[in-house]
Amino acid sequence: MNWETVIGLEVHVQLATKTKIFSAASTAFGAAPNTQACEIDLAMPGTLPVVNKQAIDYAVMFGLAIDAEIGKTSVFERKNYFYPDLPKGYQTTQLEKPIVGPGIVEIQLGNGDTKSIRIHHAHLEEDAGKSLHEGNFRSGVSGIDLNRAGTPLIEIVSEPDMRNAEDAVAFAKKLHSIVTSLGICDGEMSQGSMRFDVNISVRPQGETKLGTRTETKNLNSFKFMEDAIHLEVARQIDLLEDGGEIIQETRLYNGDTKVARSMRSKEEANDYRYFPCPDLLPVVISDEHVEKLRKNLPELPDARQQRFMDEYDLSQYDANVLSADASMGSYFEQATKHSGNAKLTANWVAGELSARLNAETISLDQSPVTAEQLAGLIIRIADNTISGKMAKQVFEGIWNGEGDADQIIEKRGLKQVSDSGALEAMVDEVLANNQAMVDDYMNTDPDKRKKKLGGFMGQIMKASKGQANPQQVSQILAQKLAKML
Amino acid sequence: MHNFTITELIDGLKKRVFSSEEITQHFLARIKNLDSEFNSVITLTEDQALESAKLADQLLAEGSASELCGVPVLHKDIFCTQGVRTSCGSKMLDNFVPPYDATVIENFRNNGAVMLGKTNMDEFAMGSSNETSFYGPVKNPWSTDSVPGGSSGGSAAAIAARLAPGATATDTGGSIRQPAALCGITGLKPTYGRVSRWGMIAFASSLDQGGPMARTAEDCALLLNCMASYDDKDSTCIDRPVPNYSVNLGDSLKGLRIGIPKEYFSEGLNAGTEQAVRDSLAEYEKLGAELVDISLPNTGLSVPAYYVIAPAEASANLSRFDGVRYGHRCEDPKDLEDLYRRTRAEGFGDEVQRRILIGTYCLSAGYYDAYYGKAQQVRQLIRQDFTQAFEKVDLIMGPTCPSPAFKFGAKGNDPVAMYLEDIYTISTNLAGLPGMSLPCGMVDNKPVGLQIIGNYFDEARMLNAAHQFQQVTDWHQLAPAGIES
């Protein structure tokens with residue numbers, strides 16, 4: 001049987017406010033446990049919440065970015081459950097009247113197609129603290145760190161409009177791109193700044209009724225989410241094909257072991273007893289304020305992508321990659337301003353630089369290679385001073401703090417030999433010293449000779465200590481061999 | 001000296017007839033000598049009191065003293081006091097020492113008032129007899145086999161016994177007015193939002209309101225001048241200038257329209273109480289006021305609506321008492337569930353547990369609409385009753401409670417009979433209106449309270465009406481037998 005997968009996402013986005021949603025404690029990541037929790041975050045008796053206006057503005061900005069209805073009057077409610085990292089015994093969140101109503105997010109797929117994912121709503125809420133269980137803490141006891149308690153979140157709830165892992169990842173990446181472009185989230189996935197709950201069900205192709213779904217919670221990387229979806233879809237299909245039944249449940253996926261397990265079934269689910277929080281008044285936002293926020297919205301990814309295509313003549317793919325992340329977009333623009341070569345700059349920013357940053361898991365803001373330094377390197381590639389291969393060495397040098405491109409080229413003597421006389425002499429010498437290779441080339445079927453060129457190139461580059469301009473060498477070599485036939 | 005009103009004490013302090021240290025010593029000694037009989041004060045802050053008295057004397061000498069400078073007061077143990085145990089009458093907080101002051105406490109401190117100690121109360125303010133306190137019941141100074149009323153029974157009894165000239169209290173459904181009536185003193189519950197709730201341990205957030213207790217309306221006005229303030233730490237506090245409540249006390253009552261709700265004189269009202277109230281209304285006519293018959297048709301719904309809303313809010317407000325961060329924790333919990341179960345079973349008394357259960361039930365899936373939803377509708381109806389009434393009258397008057405102080409244990413086994421004790425007071429909390437009680441007669445040697453209900457923020461008019469009554473009557477000057485007057 002052919003199966004169709006149906007996916008909906010709930011995405012928790014930590015807002016980049018300086019202080020918490022209901023208190024003045026700092027939200028900075030990485031402080032010593034419980035040093036950023038004030039009496040309100042600790043739910044001491046008699047303390048009261050006061051809502052952070054910046055968090056309200058950030059949520060409205062998200063709503064405007066996805067063209068959603070803005071809840072002119074939104075209401076905080078109490079979601080009641082007991083857990084040690086939830087100090088009040090309830091989470092202050094929104095339910096009936098969220099701050100952001102229905103909206104749309106457009107995603108681009110690998111084949112260039114676009115797809116609209118509907119947003120059901122987005123609401124404001126507070127994050128819980130962290131429980132550190134055995135293994136992560138002392139043995140035999142659990143620890144609680146309430147630094148994160150009260151960090152503002154928006155929870156974005158999509159409609160079940162995604163049909164496979166690729167859709168879901170594209171959607172998640174697009175949300176990442178929107179919230180970082182807006183500057184309302186730092187986008188640091190490894191620090192939990194964005195976390196995904198994935199609702200998955202399958203149904204026979206052509207069926208219109210939704211199958212029973214499961215929810216895999218708290219995925220904090222695109223890769224983990226993709227893997228978890230593949231795993232869960234396969235599990236559901238296997239189960240159904242064996243005549244089994246899907247149980248509505250919450251599941252946890254461990255990205256390290258690549259194993260998912262059931263956390264609790266629907267029957268074990270809490271009755272959260274939501275009711276409007278009497279300590280907080282409804283949040284009323286004037287049209288005037290919404291318009292002010294709309295007018296000051298930063299450039300959004302879709303607009304930036306189009307601008308990169310128009311202004312820099314980039315392909316849709318390159319423009320998409322570079323516009324997804326606001327900081328990457330501005331880095332690219334900064335570097336291009338200095339290099340004067342958008343295409344080559346795009347390749348280096350999206351390619352070598354991104355790969356290196358990813359490998360070392362550092363953000364672009366902390367890149368040891370500045371946009372100006374990268375531009376200096378690109379100028380030397382474009383004017384043929386160095387080859388692509390040399391450029392990688394120079395890049396490495398800049399990364400390691402050895403100086404700018406020109407200094408490194410000078411110091412390491414990396415200048416490319418582009419003098420045709422010198423190159424011709426080098427080619428002649430290699431051909432003369434490798435008669436066997438020449439004979440072999442001549443005896444090879446003309447269609448397959450091209451494959452043999454690599455051997456000559458290797459010898460020539462070796463003889464030049466890597467400094468010969470490979471494009472020129474390849475031309476000269478082709479001419480010389482042709483003459484020898 | 002203990003028979004002086006606050007007004008007289010201020011006068012004496014200013015004229016240097018006595019020092020703050022002398023009167024502080026005097027009241028401290030009275031508490032130490034006499035309170036073993038009444039159990040109204042559960043924490044005596046002797047050293048602190050003497051220290052602040054000395055400081056007050058300095059300020060008085062310098063002539064830079066604020067209105068209440070040097071005046072000794074008691075605070076209900078529901079207000080958090082920095083460095084001083086704040087128990088809320090519960091075993092749960094028997095060991096809790098807040099690192100912060102309630103705004104009300106801060107206001108008194110800034111005004112130079114001297115804190116003598118903290119008063120006994122029904123556990124978490126849940127009760128009408130002071131029998132639910134972990135520290136044992138408070139006894140009514142007029143008749144020590146009778147209850148003082150609750151939940152602010154400690155504050156009321158202490159003032160009646162001349163252990164302090166004034167005290168703070170709180171009122172969620174009648175907890176200032178009913179004990180004021182039963183102990184023969186004057187107490188005022190302000191408009192919801194007039195007095196900050198920051199640092200006041202929450203029972204039912206949408207109903208709780210702090211207010212003053214003293215022997216006279218004139219003194220209540222002085223205390224309210226200090227207590228009332230706009231506070232940005234309480235989102236439900238209303239940003240509105242605080243008038244000087246003392247300036248209009250002498251205004252004539254000529255032409256004042258007083259509404260007499262027929263529902264407040266129906267079945268269940270003690271005949272002696274009714275007579276005392278009717279006699280007082282006749283006094284008001286003599287003072288030039290006009291009595292107008294009115295109806296508050298939804299009064300009968302107020303008790304059931306209140307006993308849904310208040311427990312619902314309480315069930316969430318009290319979830320923070322989980323043994324994890326502060327307060328009582330059971331011995332050697334074997335797991336998390338055991339920690340919660342035993343901590344809360346041991347830490348909370350029966351009445352508190354009863355209300356948590358009622359509130360949890362009312363908010364549960366499938367019951368929410370029938371209980372909480374309906375109760376909120378009733379609340380609207382009650383508010384409308386008053387809005388319509390205040391189109392025709394300036395103040396509303398009636399009995400504070402159905403009968404004088406009852407004997408210990410009389411209603412202990414019948415929660416509904418106990419809940420009906422607040423039938424005349426609860427609806428003002430549901431509507432958010434100000435209400436007060438002042439002594440207006442005696443039945444069987446026990447005081448009777450006259451209730452005055454005002455329109456929103458009309459405390460000055462209520463105090464004026466009460467003060468004028470106290471100029472022509474002496475019920476507020478009577479002292480319990482054995483308390484030398």
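This is a predicted model: local features need pLDDT of at least 70, side-chain atom pairs count only at pLDDT 80 or more; totals for chains, interfaces and linings use all residues.
**Entry 1: a bridge between chains**

I began with R197(B), which forms a salt bridge with D279(A), the closest N and O atoms being 3.0 Å apart; by the rule I used, a salt bridge is a side-chain nitrogen of Lys or Arg within 4 Å of a carboxyl oxygen of Asp or Glu. Side chains of opposite charge can pair when their charged atoms come close. Residues are numbered from 1 along each chain as its sequence is written, chains are lettered from A and ligands numbered from 1 in the order in which they are written, and side-chain values use heavy atoms, with hydrogens and water left out.

**Entry 2: the interface**

How many salt bridges does the rule find across the interface of chain B and chain A? I found one, together with 15 residue pairs in polar contact, both residues at pLDDT 80 or more. A polar contact is a pair of N or O atoms within 3.5 Å, where within protein one must be able to donate a hydrogen and the other to accept it, and residues adjacent in sequence count only if both atoms are side-chain atoms. On the side of chain B that touches chain A, helix 9 (302–317), helix 10 (336–347) and helix 11 (350–363) of chain B each supply at least two residues, and the largest share, four residues, comes from helix 9 of chain B. Helices (H or I, at least four residues) and strands (E, at least two) are DSSP runs, numbered from the N terminus.

I then looked up the extent of the interface: 38 residues of chain B are in contact (heavy atoms within 4.5 Å) with 31 residues of chain A. The area buried between the two chains is about 2800 Å², of which carbon and sulfur atoms give 61%. W198(B), S235(B) and R320(B) supply 22% of the area that chain B buries against chain A, more than any other three residues. Buried area is the accessible area (1.4 Å probe) that two parts lose on being put together, summed over both.

**Entry 3: salt bridges within chain A**

Returning to D279(A), I saw that this residue also forms a salt bridge with R78(A), the closest N and O atoms being 2.9 Å apart. D279(A) lies in the loop between strand 14 (275–276) and strand 15 (283–284) of chain A and R78(A) in strand 3 (residues 76–80) of chain A, so the pair ties together parts that are 201 residues apart in sequence. Are the two residues buried or exposed? Both D279(A) and R78(A) are buried, where buried means under 20% relative accessible area, exposed over 50%, and partly exposed in between (1.4 Å probe, protein chains only).

I also noted that K480(A) forms a salt bridge with E424(A), the closest N and O atoms being 3.4 Å apart. This pair links distant parts of the chain, with K480(A) in helix 15 (residues 470–484) and E424(A) in helix 12 (residues 420–433) of chain A, 56 residues apart. K480(A) counts as buried at 16% relative accessibility, whereas E424(A) is partly exposed, with a relative accessible area of 35%. Salt bridges that share partners join R78(A), D279(A), R197(B) and D234(B) into one network.

**Entry 4: helix 3 of chain B**

Helix 3 (residues 46–62) of chain B has 17 residues and reaches 24 Å from its first C-alpha to its last, close to the 24 Å expected at 1.5 Å a residue, the expected span being 1.5 Å times one less than the number of residues. Its buried residues are A49(B), L50(B), A53(B), A56(B), D57(B) and L60(B). They cover an arc of only 120 degrees around the axis, which puts them on the same side of helix 3 of chain B; the arc is that of the directions from the helix axis to the C-beta atoms. On the other side of this helix, D47(B), E51(B) and E62(B) are exposed. What covers the buried residues includes helix 1 (6–14), helix 2 (20–38) and strand 3 (114–119) of chain B.

**Entry 5: I483(B)**

Last, I looked up I483(B), in the segment after helix 15 (459–472) of chain B, and found this residue buried, with a relative accessible area of 7%. Not counting residues up to four places away in sequence, I483(B) touches R30(B), F38(B), A160(B), A161(B) and R162(B).
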